[in-house]
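Load the model in your viewer and keep the selection panel open. Each stop below says what to select and what is there.

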Amino acid sequence: MNNKTASLTSVRGTGSVIQQLLNKKVLLFVTLASLMVIPIMVGDDYIYHIFITICLFAGLSTAWNIVGGYAGQLSLGHAIYYGIGAYTGMLMLNAGVSPWISMFVGAVLAAGVAVAISYPCFKLHGPFYALASIAFLEVFHVISLNWVGLTGGANGVMVPLELGWSTMVFSERLPSLVIVFGLMSLVLAVSWAIRRSKLGFQLVATRERESAARGAAIRTVHVRLYAAAISAGLTAMLGTFHGSYLTYIEPESAFNLTFSIQIVLFALVGGLGTVFGPLYGTILLVPITELARGWLGSSAIGLHGFVYGVVLILVVLFMPDGIMSIFQRYLPTSKGRHVDARDEKSTHHVPLNDVKKSERAPVGEVVLKVQHLDKHFGGLHVTNDVSFNLHKGEVLGIIGPNGAGKTTVFNMISGFLSADSGSVEVLDENGHFISPKTPGAFARSGVGRTFQIVQPFAAMTVEENIMVGAFYRFRSVEESRKVAREIAYELGLSRFLDEEARNLPIGGLKRLEVARVMAMRPRILLLDEVMAGINPADLREAIELIKIIRDSGISIIAIEHVMQAVMELSDRVIVISSGEILAQGEPEEVVKNEAVIEAYLGKEVTDASTE
Ligand SMILES: Nc1ncnc2c1ncn2[C@@H]1O[C@H](COP(=O)(O)OP(=O)(O)OP(=O)(O)O)[C@@H](O)[C@H]1O
């Protein structure tokens with residue numbers, strides 16, 4: 001491609017990106033502006049009330065989505081934080097403190113409670129976490145009913161009737177709308193910023209595949225606790241506002257399960273885990289139910305539950321990923337990327353010829369010491385006194401029959417399993433041998449691994465998957481993106497950058513595993529059957545790729561069944577059979593070893609062949 005064509009492609013690409021961004025932004029701008037403009041134009045108190053309710057729930061649902069959508073923790077107890085914010089505001093207002101101050105006190109309190117509740121619960125997943133969150137909500141409900149001295153018990157607390165901005169109590173509706181619109185915008189901005197930040201990537205990665213996230217050195221519990229704290233804090237701020245708006249709060253409405261479920265429902269309908277889905281879900285649902293209630297009066301008690309149910313069924317049937325999925329399909333996507341000449345060039349399958357190859361350095365000092373590893377699973381002795389060393393720049397092949405214990409050894413030398421006895425020592429960047437214990441500690445000491453059963457972050461794009469690895473070295477999103485694109489280019493994944501990982505074929509997923517771990521810039525690379533299931537053309541390319549990685553000075557241990565790859569790549573081979581090292585040495589020697597042949601083929605076959 002000549003320079004002129006490249007720059008034209010570039011200009012065209014940039015132009016269409018601006019156009020696409022504008023379309024999405026215009027929709028959002030019009031939506032947000034309508035939330036302020038419509039009630040002001042109509043000027044009716046009831047319409048004001050509906051729009052205040054929309055902004056309140058859009059804020060609450062967006063805040064919930066940080067922990068429920070991004071982190072995937074289905075909390076049904078978010079009313080706890082709303083209630084803490086509401087009560088803190090009310091009680092402090094009665095003590096003469098403005099809600100403008102108490103909303104921050106409530107936020108800090110709620111964040112603390114969220115961390116205290118979430119920490120023991122994060123080992124629970126799916127419905128178990130949801131049930132635990134409901135149980136905690138009930139605890140708060142009971143405490144608020146019984147701690148009469150503080151909360152007023154079932155009678156609740158009222159605001160002192162002093163109107164004005166300092167108390168957030170107004171006779172007009174417009175000031176309340178302005179405040180809640182401001183708070184909702186704040187929550188949207190925080191949620192948007194989180195999704196684009198390192199924290200956001202780490203949360204989604206943790207949601208998608210916790211073990212792979214841990215392998216990428218993500219502190220999965222920490223990131224979810226940050227999310228829980230931020231989400232609870234924002235929820236409490238909205239609770240403080242709402243207390244003043246209602247002028248009265250009591251346990252039944254503050255710590256209410258139905259209220260919690262509504263918050264979740266709006267996010268589900270709008271698009272779980274999307275930044276603006278909860279906003280659109282709320283805009284769809286709240287007016288329908290509020291207007292129906294307004295028109296039908298007391299005969300419509302409970303109608304909102306019916307409407308929610310119907311909408312939820314329709315959403316599950318026709319747009320399981322929520323309203324946002326419809327927008328993604330019919331509106332231009334904002335994911336259009338600037339196409340540069342390098343990307344264009346890289347759309348052929350594997351650009352290995354373009355990748356800078358270095359001369360192979362001689363095999364160096366020991367970088368990994370594995371000594372006397374033992375592991376039992378119940379009565380099964382899976383690893384029995386396994387010891388070996390790995391040298392700098394060496395490729396060590398591990399072979400052995402199915403079920404021999406190879407992956408178990410990998411799990412112990414990457415922190416995913418702890419050995420019953422024995423030790424694993426890694427030479428760190430400062431030249432000292434250290435004994436990491438957890439996947440994160442191994443990753444930080446320079447050990448990166450792939451998984452035998454590929455573990456992509458399915459709902460993230462290929463680029464985002466690789467960025468998760470790059471974040472280990474780089475704080476900045478832009479820098480991580482740049483590194484991810486370079487690695488994708490080197491591994492022939494450039495044309496899939498915007499593709500969700502779940503759509504890749506198996507060969508692509510294997511490459512993606514390698515790409516993600518390479519983005520962490522490991523010094524020791526553990527490859528678990530990366531050649532399995534790929535076609536012969538891809539196999540040739542994969543072997544060349546591993547040679548390039550090896551020549552860059554990275555030490556590699558590869559569990560492999562594909563003998564062509566084992567023979568061509570390995571400097572040394574270890575054979576594991578029934579959990580023990582059966583043989584080791586140069587590949588040519590090892591494959592001729594009778595004990596090895598017997599372990600693979602069985603004694604009868606070898607006896608027959610020698611007769
Ligand atoms: N978490 C576990 N709990 C109980 N048994 C396990 C566990 N993980 C592995 N095993 C058993 O330990 C043995 C060794 O498994 P491992 O996956 O390490 O073998 P492998 O050599 O990697 O096999 P393959 O080549 O088929 O992947 C097998 O019998 C397996 O069923």
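Select H376 and H381: H376 stands opposite H381 in strand 4. This is a predicted model, in which local features need pLDDT of at least 70, side-chain atom pairs count only at pLDDT 80 or more, and totals for chains, interfaces and linings use all residues. Residues are numbered from 1 along each chain as its sequence is written.

Now widen the selection to strand 3 (residues 366-377) and strand 4. Eight bridges join the two, and they run antiparallel. Strands here are DSSP runs of E, at least two residues, and helices are runs of H or I, at least four residues, each numbered from the N terminus. Two strands pair if DSSP finds at least two bridges between them.

**The ligand**

Which residues are around the ligand? Select F377, L380, V382, G400, N402, G403, A404, G405, K406, T407, T408 and Q452. The cut-off is a C-beta atom, placed from the backbone, within 6 Å of the molecule. Strand 4 (380-391) and helix 17 (406-412) each give two or more residues to this shell. Helix 17 has the largest share, three residues. Colour the shell by type: four residues are nonpolar, seven polar and one charged. Ala, Val, Leu, Ile, Met, Phe, Trp, Tyr, Cys and Pro count as nonpolar, Asp, Glu, Lys and Arg as charged, and the others, Gly among them, as polar.

**Helix 21**

Select residues 506-518, which form helix 21. At 1.5 Å a residue, its 13 residues should span 18 Å, and the end C-alpha atoms are 18 Å apart, which agrees. The expected span is 1.5 Å times one less than the number of residues. Eleven of the 13 residues are buried. Buried means 20 or more other C-beta atoms within 10 Å of the residue's own; exposed means 12 or fewer, and partly exposed lies in between, with C-beta atoms placed from the backbone. The buried residues include L509, L512 and V517, along with the charged K510, R511, E513 and R516. What do they pack against? Show strand 8 (447-449), helix 19 (462-470), helix 20 (477-490) and strand 9 (524-528). Contact requires C-beta atoms, placed from the backbone, within 7 Å.

**Helix 12**

Jump to residues 257-270, helix 12. Its 14 residues should span 20 Å, and the end C-alpha atoms are 20 Å apart, so the two agree. Ten of the 14 residues are buried, including S260, Q262, F266 and G270. Next, pick G271, which follows helix 12 and has a positive phi, near 140 degrees.

**Two domains**

Zoom out and colour by domain. The assignment, automatic or from a database, gives domain 1 (3-330) and domain 2 (363-458 + 522-610). Their centres, taken over C-alpha atoms, are 48 Å apart. Eleven residues from domain 1 and eleven from domain 2 make the contact. On the domain 1 side, select helix 8 (198-208) and helix 9 (210-215), which each supply at least two residues. Helix 9 has the largest share of that side, four residues.

**Whole chain**

Finish with everything shown. The protein chain has 26 helices and twelve strands. Of its 611 residues, 46% count as buried.

Conventions
Contact = placed C-beta atoms within 7 Å.
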